[in-house]
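Here are my notes for you to read with the model open beside them. Take the points one at a time and find each spot as you go.

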Amino acid sequence: MELQAVLMAAGGGSRMTDLTYNTPKAMLPVGNKPLMWYPLNLLEKVGFEEVIVITTKEVQKAMSTDLKIKDVKMKLDVVSIQEDGDMGTADALRHIQPKIKTDILVLSCDLITDVALHEVVDLFRAHNATMAMLMSKAHEFTETVPGQKGKKKTAEQRDFVGVDKSGKRLLFMANEADLEDGLSIRKSIMRKHPRMLIKTGLVDAHLYCLKKAVVDFLTENKSISSIRGELVPYLVRKQFSKTVNSQKLKDDTDDQTQEKNDGPANHELLISSRDEPLLQLAQERSCWNDHRGDMSEAYHGGKLRCYVHIMDQGLCCRVNTLAAYIEVNRLAPKLFEEPSVHPSADISERCQMGSDSIIGAECHIADKTSIKRSTIGNFTTVREKVKVTNSIIMHGVTIEEGCNIQGSVICSNAVIGRGADLKYCLVGNGQHIEPEAERTNEIIVGTDQLMEI
Amino acid sequence: MLNNLILSSSVARLTDGPERKDEIDRAKSEGKDLTKEEKQRLRKEKKQQKKIKEKKDDKASQENEKEKKPVTSAAPASQPPTQPTVQKAPSAVPATAPVSVPASEASVPADKPTKTKAELKAERRARQEAERASKQSKKGETGQQAATSKPKAPPSDLQPVVKRLPEHIQVDNPDVLKKLAKKLERQQIPLRSDYGYKVSLFSHLHQYSRKAPLTQQLSIPSTVIHPAIVRLGLQYSHGIVAGSNARSVALLHAFKQVIRDYTTPQNEELSRDLVNKLKPYISFLNQCRPLSASMGNAIKYIKKEISNIPSNCKEDEAKNKLLNCIESYINEKIILAGVAIAKCAIEKQKISDGDVILVYGCSSLVNHILCKAFEKSRKFRVIVVDSRPRLEGKEALRRLVQKGISCTYVLISAVSYILPEVSKVFLGAHALLANGYVMSRVGTSQIALVAKAFNVPVLVCCETYKFCDRVQTDSFVSNELDDPDDLIVTRKGTTPLEGWENESSLRRLNLVYDVTPPDFVDLVITELGMIPCTSVPVVLRVKNVDQ
């Protein structure tokens, strides 16, 4: 077995609480499919047969009833963890360590992408890397986000990513938050890689290929709790650590049994395969070098290598903010060749429906309605003379006659009273909008939700 | 009666090709199936039409066939050879002597329609004795006649032997491509498609692009192909493992992992099943990058070792044995051979003080020799010749300078300017062919040619496991085409050849190997000693005898 897939679906969606206070993030509907269906579909298309899904009990329950998830042909091994426990992604990996038998591919449930996965995995395989990850050029979100007052805030803390001149080897990774005094780069890195490109406009897709040794390393080091925040920068730094390189000679002769007794963390990361001398011989005899101009051998003799694949075309989006959610609802359905109108929906003939709208199952759309550039969820009822433009309507919503909904997000089971006029609003779960209401740029949620901070 | 009818009609028809079909139809209509033997027989008859002069012989042979027909359909396969032997005799030589003998013998069976097996066997033996006798009295007989004298010569020997071309050099033949596609489909390996317009002289070879790796079409946790082999294939196609020795070592390393993870399925024998398991892996690696001669020899060795495992051997024992075999192969043929060659070269004063040695590209063996010579305090300097697009010389330069050897670096275009300074040329080899030609990186034959013109001795260093029994006299027939995109160069932000794919009249060629004739090579240093180029077939023969 080459790779095991791990899907992290326990995230709380802390940056879009308005959407997630009732529905867990993994089950948010995007294009009428639950959010976690997209990474599962990506894995299935590529040929995975089993996935370990780490999630909460709530999501597990929702998964068992969801039709789309039942459609997934892979074997889903669901591991549930405590919801209130502050478990980071690395903690979750530590939790499932007994199940991990080989190298892993870690995905987050909020990743929607059409990347050719073999590009990332090929880097991992060909260079015998410790870590390979996926990043993508960030795109500006063009849609207006409900509830945003004033100018759009600049993106939160940027990531500074340093790559070598081929654009594949990861040399430097830090978040703006950690760089208070400025960016400092070690001389040893500059000596080895004199040309380094530092990019800031990249989005981390949270897709990592990790060697099994890294998971074992995590079990020893309980202080690391987040893959993205702590493990990845640690690995990137460790590539150029002096102890790593000097251990190289010792590793060649070490047995696998001996490594288990070794204490220092460095050794754990560099577990050599049983035929290390042969690999060394092959590398020595090979006339290939990854760099030119200095006296050192391929990879500068370093055993720990981190690679990144930067996507510049195609869709790669992480749905962790409201803006991203809206954007993705626009783009995700284009990835699949599915009919935009579900066969079981009941749409009257006098309804004007744009071609880029999506209607879910068991919907009732009455006469004289106009639906443009919108997504309508399952079991929704739309009465006469309703105009829905640029909006996302989730499941089980009832929209009474004469409403005008523009650029809004209506969450599940909400009821919009007749004649309401909503522009750029977000209506929370189960909310009732009174008839003839006129709201613009507001977030309408229940009072019980307001108490949660 | 019916038989006679057929005879008379068929005699007339023997001379006419198309009417042969009628005979077959008639035979079919009679309810007799044309067995394989009969089809072969028919084929042979067509050939003999040109040689048959006497209708009587045909008639006689026809009688034989017709009577033998009911017998052959039930008889074992050994019977049909008797018919060809009968017919070959009249066909072969103008002399009538051998003809009359079988004719007379043929008439004997004509009298007795049904015969027992033993009697037929005795007849056959008598006929063969007669033929042998007649053959000895003849001179300059064709090979076909010789073949007929063998007791149970299979019919295929009697046809002119057609040497089949290997598939990988018949890419412009759509039938071969179809066959290859079918074979790969059976083994569940994706087919890699060719890229770009090829130069017409090399259109019979594959040309792949590095940007379209084979893994695109494989499932990611690869189940059909062992992960170690997928990794190896990727490293080959990216050029991370390059060089004859490195590729063989990496291949054997991957095979070790495959053997370790292998478990014999129920009702299967390890010796047979493991070989079958390796076949799709080898096809996969071939698709990633055509196999080298050294890899081919290593694979042959492994397959032989696997099939030699006794069936009563336990699985763990067998696996251990195989792993040890691989280890010892690498140790003997690569590591120790390298040490022996270095010792040979240094002790026999092939590298002496004050020498100026020219090397080309990056050969692991030549670098090893030079480093060892430097360690033994020989005073020499090295000139490294390099060529685009691979620029492997830079890596050789790095390794030599790291040791402390003083080096000069030139491109191959400067080789005739630098040769007056050179005292010896050391070349590495990818393979040594059976006719003494040296197959090596493209550019080697150039260097050897210029060196010959300047009367500089050329020494080729090669381990014996790279000797292969292929014969080649030119670099066109069997070669490798590398990714043509390597030829594109971006200087100061501009790429002159950008968008070349759209120009149908622009063809690019990136050759990998070329063949150097033995006239240009003065000596080959192997672990068996220093031999001339023409002794390669001797070494091969000795190796085959050993095995």
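1. Start with a charged pair in chain A: Lys99(A) makes a salt bridge with Asp77(A), and their closest N and O atoms are 2.9 Å apart. A salt bridge here is a side-chain nitrogen of Lys or Arg within 4 Å of a carboxyl oxygen of Asp or Glu. The two partners are 22 residues apart and link distant parts of the chain: Lys99(A) is in the loop between helix 5 (89–95) and strand 6 (103–108) of chain A, while Asp77(A) belongs to strand 5 (residues 75–81) of chain A. Over all chains, the structure holds 37 salt bridges.

2. Some ground rules: this is a predicted model, where local features need pLDDT of at least 70 and side-chain atom pairs count only at pLDDT 80 or more, while totals for chains, interfaces and linings use all residues. Residues are numbered from 1 along each chain as its sequence is written, chains are lettered from A and ligands numbered from 1 in the order in which they are written, and side-chain values use heavy atoms, with hydrogens and water left out. Helices (H or I, at least four residues) and strands (E, at least two) are DSSP runs, numbered from the N terminus.

3. Now look at where the chains meet. Counting contact as heavy atoms within 4.5 Å, 42 residues of chain B touch 33 residues of chain A. How many salt bridges are there between chain B and chain A? The count is zero. On the side of chain B that touches chain A, helix 11 (227–238), helix 12 (244–260), helix 15 (315–347) and helix 17 (393–403) of chain B each supply at least two residues. Helix 12 of chain B gives the most, with eight residues.

4. A cavity is a set of points, on a 1 Å grid over the protein atoms alone, where a 1.4 Å probe fits but cannot get out; lining residues have an atom within 4 Å of a point. The largest cavity has 24 lining residues, and Ser244(B), Cys362(B), Ser363(B), Ala429(B) and Arg441(B) are the ones nearest its centre. Helix 12 of chain B turns up again, giving the most to this lining with three residues.

5. Most residues other than glycine have a negative phi, and most peptide bonds are trans. Yet Phe379(A), not a glycine, has a positive phi of about 55°; look for Phe379(A) in the loop between strand 20 (375–376) and strand 21 (381–382) of chain A. Over in chain B, the peptide bond from Arg388(B) to Pro389(B) is cis, with omega near -5°. Pro389(B) sits in the loop between strand 2 (380–386) and helix 17 of chain B.

Conventions:
1 Å grid on protein atoms, 1.4 Å probe; cavity = no way out; pocket = protein on both sides within 12 Å on 5 of 7 lines; lining within 4 Å.
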